[in-house]
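The sequence and the model come next, followed by the notes.

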Amino acid sequence: TYKFIPSGVSSLLSVCSKRHPDVYESIKRYFDIYLISFGSEIVPLRQFMEDKNRKLTREDFIKALDKIDEKFEEHTNKLDENSKLYIDSGGYQLSFKGFLDFIYREFPVRYYPAIEKMTEHPKVDTVFYLDIPESRDDTYKTFREDNMFSFNIYIDYLRKKQNPFNNKMAFIIQFNSPERLDLWFEFLDNVVPHKPTKYAVGGLVASRASLYIRHPVVHWSTGLLMLLSKMVEHNTLYGDFHLHLLGVTTTYYLISSFIIIEYLSHKTGFKYDITYDGTSVVSKFVRGRKFVGYDKKKKTIHEISAMSRDLKKKNYDGRTNEEIILQLINEFLEDIGSNIRFNEVYDKERDTIPNSLISTTIAYESYVLNNLLQRDYLPIIRSNMDKLEKRSTSFLISIYEKTVENESRETIARLVKQTVNTLDYIDRILANEKVDLYHIFYRNDKLDKLCLR
């Protein structure tokens with residue numbers, strides 16, 4: 001199964017529940033999993049301090065961490081009876097929001113005990129390992145020491161049998177340069193023998209900080225290959241397990257995961273529970289004023305400008321941008337049984353997009369990623385497994401072209417190359433061949449990109 005979990009949805013729904021309860025009641029029925037982050041609860045503290053002309057101190061940071069329990073109770077109390085909660089560390093958010101000096105030691109020693117307590121709550125489904133983000137000034141020595149500190153705390157928990165923490169913790173495989181592979185291979189050598197049932201592989205977070213990689217498909221597929229190679233090496237390639245993809249930024253990233261996971265399932269006979277999160281589809285709407293719409297007839301993705309100056313412009317089918325956005329949103333509301341309808345995209349009086357529409361857009365994008373893409377693309381991939389076995393580039397191009405319509409042929413060719421080579425590596429690892437995953441990273445000076453060989 002595949003399930004999209006929109007990041008940040010709990011805070012937006014919280015705003016919506018207070019200001020637009022009618023919209024909240026309609027769309028909250030659609031969500032059954034929410035993701036909250038330690039980072040999103042702490043980051044506003046910095047702005048608060050700056051507004052008071054106070055410098056953020058280590059003591060301020062620790063006090064904020066100690067109040068996470070209150071935030072957790074606040075979120076769980078809002079959930080419906082059958083809803084579940086995913087909890088992320090938010091280390092990436094904290095590192096890029098001025099908290100980098102505080103997270104190396106203070107954060108791990110408080111994060112894991114807090115998470116252990118939270119895993120006892122029946123509504124908590126998954127929690128995530130705390131990997132320490134890397135700054136561009138880090139040496140390998142400091143990066144290793146910082147991550148080893150967090151890992152040693154985690155591994156002590158993992159050694160405890162029959163612990164709810166172990167059943168709900170997803171170990172993260174995430175790095176941003178070939179030198180860092182050594183450390184994660186070392187981690188996996190210690191983790192895999194314990195047979196955890198949840199893992200997470202990084203995409204956006206790793207590639208944004210990377211001095212080498214500019215495309216998240218390389219990162220998440222590399223993490224999967226590392227995990228697969230260690231499972232084969234330790235003879236722990238067991239049945240079904242849960243794999244979470246961190247930071248799904250684009251629909252073609254998701255299509256890549258469909259292709260690669262379906263192929264792995266085909267080769268092993270196992271079924272995998274796949275979840276993925278991301279804010280990109282919504283942040284495009286909120287910040288860049290781009291609405292990501294899905295054409296059900298053509299089965300293609302369209303980025304539609306929601307800028308106030310562009311709303312009356314004609315789009316690909318002759319209608320205005322506003323008409324297309326409102327039709328897609330209102331069709332979605334009808335599909336989920338809501339009688340609410342929107343008649344404008346932009347609130348001219350407030351000079352902004354209404355919060356109620358933003359929250360509904362989160363639900364719509366989740367609807368697209370959870371239902372329409374799976375409904376339209378998974379059957380095509382599953383029924384053409386022979387073409388994947390033969391590495392048919394024409395078949396892969398035909399899939400990617402539908403979801404990257406605004407991208408160049410060069411980008412599509414790169415995606416196909418990465419996918420084909422990932423499938424090759426899967427075959428070689430399952431055949432017990434020794435593979436050198438360091439060669440996944442290489443520089444193409446002309447493109448200034450890194451691709452799979």
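In the hairpin formed by β9 and β10, four residues lie between the strands, and lysine 299 takes a positive phi near 60°. The model is predicted, so local features need pLDDT of at least 70 and side-chain atom pairs count only at pLDDT 80 or more, while totals for chains, interfaces and linings use all residues. Residues are numbered from 1 along each chain as its sequence is written, and side-chain values use heavy atoms, with hydrogens and water left out.

Helices (H or I, at least four residues) and strands (E, at least two) are DSSP runs, numbered from the N terminus. On that basis the chain has 19 helices and twelve strands. Of its 453 residues, 59% count as buried, where buried means under 20% relative accessible area, exposed means over 50%, and partly exposed lies in between (1.4 Å probe, protein chains only). A contact means heavy atoms within 4.5 Å. Among contacts between residues at least 6 apart in sequence, 72% join residues at least 24 apart.

**Strands**

Two strands pair if DSSP finds at least two bridges between them. Strand β9 (residues 290–295) is joined to strand β10 (residues 300–305) by six bridges, and the two run antiparallel. Glycine 293 has histidine 302 in β10 as its bridge partner. Five of the six residues of β9 are buried, which leaves the strand mostly covered.

Strand β4 (residues 124–128) is also mostly covered, with four of its five residues buried. β4 pairs with strand β3 (residues 84–88) through three bridges, in parallel; here tyrosine 86 has threonine 126 in β4 as its bridge partner. β4 is also joined to strand β5 (residues 169–173) by two bridges, again in parallel. In this pairing the bridge partner of phenylalanine 128 is alanine 170 in β5.

Aspartate 80 sits in the loop between α5 (68–78) and β3. Its relative accessibility is 28%, so aspartate 80 counts as partly exposed. The C-alpha atom of aspartate 80 is 9.5 Å from that of lysine 123, a residue 43 positions away along the chain.

**Helix packing**

Axes are lines fitted to C-alpha atoms, for helices over the stretch in contact, and angles run from 0 to 180 degrees between N-to-C directions.

| Helix pair | Axis separation | Angle |
|---|---|---|
| α13 (residues 251–268) and α18 (residues 393–403) | within 9 Å | roughly 150° |
| α8 (residues 140–158) and α10 (residues 181–191) | within 11 Å | roughly 10° |
| α18 and α19 (residues 409–430) | 10 Å | about 125° |

Angles under 35 degrees count as roughly parallel, over 145 as roughly antiparallel, 65 to 115 as roughly perpendicular and the rest as oblique. The angle therefore makes α18 oblique to α19.

A crossing is left-handed if the near helix is turned anticlockwise from the far one by less than a right angle, and right-handed if clockwise. α13 passes α18 in a right-handed crossing, and the crossing of α18 and α19 is right-handed.

For residue classes, Ala, Val, Leu, Ile, Met, Phe, Trp, Tyr, Cys and Pro count as nonpolar, Asp, Glu, Lys and Arg as charged, and the others, Gly among them, as polar. From α13, Thr251, Tyr252, Ile255, Ser256 and Ile259 meet Leu396, Ile399, Tyr400 and Thr403 of α18. This contact has six nonpolar, three polar and no charged residues. Towards α19, the α18 residues in contact are Thr393, Leu396, Ile397, Tyr400 and Glu401, which meet Arg409, Ile412, Leu415, Val416, Thr419 and Val420. The contact of α18 with α19 divides into seven nonpolar, two polar and two charged residues.

In the contact of α8 with α10, the α8 residues include Tyr140, Phe143, Arg144 and Phe151, and the α10 residues include Asp182, Leu183, Trp184 and Phe187. By class, this contact has eleven nonpolar, two polar and three charged residues.

Serine 150 is another residue of α8. Because its relative accessibility is 0%, serine 150 counts as buried. Neighbours within four places in sequence aside, serine 150 is in contact with Pro108, Tyr112, Tyr129, Leu130 and Ile132.
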